[in-house]
Amino acid sequence: SSSSTVIAGAPREIAPGDRVGRYQIERQLGEGGFGVVYLARQFEPVVRDVAVKVLKLGMDSRQVVRRFEAERQALAQMDHPNIARVFDAGTTDAGRSYFVMEYIDGRPIVDFAAERSLDLSSRLSLMEQVCLAMQHAHQKGVIHRDLKPTNILVTLVDGKPEPKVIDFGIAK
């Protein structure tokens, strides 16, 4: 089904099984002020899990759409291993803007460090990577403005912790 499906004449929120562009929605991952983030499956041209951020229903004022598209553009400019990458963008059949990002199956940095009882040196190493990512963003003229543990997810890559900064939703 399409994200433009209507129930009793009114647009509805996106649900598992819906398609947004060429991405099939699996489940909701999170929700912010302007957008809802979903885990989705991409099937063409490659098969992979992705995160799809869709502008919330009813948040279609010009100002909100501009801010959403500014986030999309800011992320698209980034090219750093510790910042989630943008793969694609578009508009749903119902006219809602969306963008597709790298899916980070990780834990918030504070939880990751606590669960693994990381020592001070390991924690500082993670933060150094985050600082380098933020320096990259600053060099691109982007300030995050909402950097907090839940916006820094840590995954293991070849057994080594790797932080990824996400959610530039109120970036400037």
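Reply:

**Salt bridges around glutamate 102**

Glutamate 102 forms a salt bridge with lysine 164, the closest N and O atoms being 3.0 Å apart, where a salt bridge is a side-chain nitrogen of Lys or Arg within 4 Å of a carboxyl oxygen of Asp or Glu. This pair links distant parts of the chain, with glutamate 102 in strand E8 and lysine 164 in strand E11 (residues 160-165), 62 residues apart; helices (H or I, at least four residues) and strands (E, at least two) are DSSP runs, numbered from the N terminus. The model is predicted, so local features need pLDDT of at least 70 and side-chain atom pairs count only at pLDDT 80 or more, whereas totals for chains, interfaces and linings use all residues. Residues are numbered from 1 along each chain as its sequence is written, and side-chain values use heavy atoms, with hydrogens and water left out.

Glutamate 102 also meets arginine 85 in a salt bridge, at 3.8 Å from N to O. Because glutamate 102 lies in strand E8 (residues 97-102) and arginine 85 in the loop between H1 and strand E7 (86-91), this pair ties together parts that are 17 residues apart in sequence.

As for accessibility, glutamate 102 is buried at 13% relative accessibility, and lysine 164 is buried at 5%, while arginine 85, at 39%, counts as partly exposed; buried means under 20% relative accessible area, exposed over 50%, and partly exposed in between (1.4 Å probe, protein chains only). Arg85, Glu102 and Lys164 belong, together with Glu162, to a network of salt bridges, and the structure holds eleven salt bridges.
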